[in-house]
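Reader: Hi! Could we go through the aromatic rings in this one together?
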Amino acid sequence: LAARALSLEHLLRAPQSGPAPHPAIICLHGRGSNEADLIGLAPYLDDRLLWISPRAPLDIMDGYEWYRMAGIGLPVQPTFEATQRTLDQFVAEAVAAYPVDPKRLYLMGFSQGSMMAYAFALGQPGRVAGVIAQSGYIPLTSGIAVDEPGLKGKPFIITHGLDDPLIPVQWGREARDWLARAGADVEYHDFPMGHSVSQESMAAVAQWMRRRLAESHGA
């Protein structure tokens, strides 16, 4: 399985088992990182997953970002709107280019990548089977579209550090509460860590993913 030329540079990790089309995870890295980051978490999760890890489109010092920021929790609106269109196009391209089961397509985000995952899934919940949001928040003040009927029963798992110095744990809890009010199937965990992932947080995500795949067609 070789990477094709799509609208975003990206890395692939082929499934270690299971027939095509595969359950797949598109992982969206945080600000200042790159496409090699979250794909490194693949050994923690189910080996049937096809991993697709795009690089955010905007350069910053020593890395990339999905959109410009005026401050923590303050996306620069034109860049945020533009990157939503970019991600929309990339997801469509990836599903067409690779042996992805579109009914078992998950988004995993960390930090700024979580905001991207939230914005995509809230606006187009029918295009994802679930969302893994790590150390993020829902950017509702950025005017994202929300398909609330489509969120009913949609699986989300949120992990957050109790000691996160960048995105307060309260923002993660507010995301949990908002999703619960919208009728999503939301699972929430916070852990004694900072702005990061840990073995414990990944164990929770792995359990969640096993349940999702067990419930899905072809598990």
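**Rings and core**

Author: Happy to. Tyrosine 137 counts as buried, at 9% relative accessibility; buried means under 20% relative accessible area, exposed over 50% and partly exposed in between, with a 1.4 Å probe and protein chains only. This is a predicted model, where local features need pLDDT of at least 70, side-chain atom pairs count only at pLDDT 80 or more, and totals for chains, interfaces and linings use all residues. Residues are numbered from 1 along each chain as its sequence is written, and side-chain values use heavy atoms, with hydrogens and water left out.

Reader: Thanks! And tryptophan 171, what's its relative accessible area?

Author: Tryptophan 171 has 27%, so it is partly exposed.

Reader: How many aromatic pairs are there?

Author: Four aromatic pairs. Rings of Phe, Tyr and Trp (its six-membered ring) pair if their centres lie within 6.5 Å; planes under 30 degrees apart are stacked, over 60 edge-to-face, the rest tilted. Tyrosine 106 and tryptophan 208 are edge-to-face because their planes are at 80°, with ring centres 6.0 Å apart.

Reader: Are those two buried or exposed?

Author: Tyrosine 106 and tryptophan 208 are both buried.

Reader: How far apart are the ring centres of tyrosine 137 and tryptophan 171?

Author: Their centres are 5.2 Å apart and the planes sit at 75°, so this pair is edge-to-face too.

Reader: Switching topic, what does tyrosine 118 touch?

Author: Leaving out residues up to four places away in sequence, tyrosine 118 touches residues including Tyr137, Phe156 and Leu179; contact means heavy atoms within 4.5 Å.
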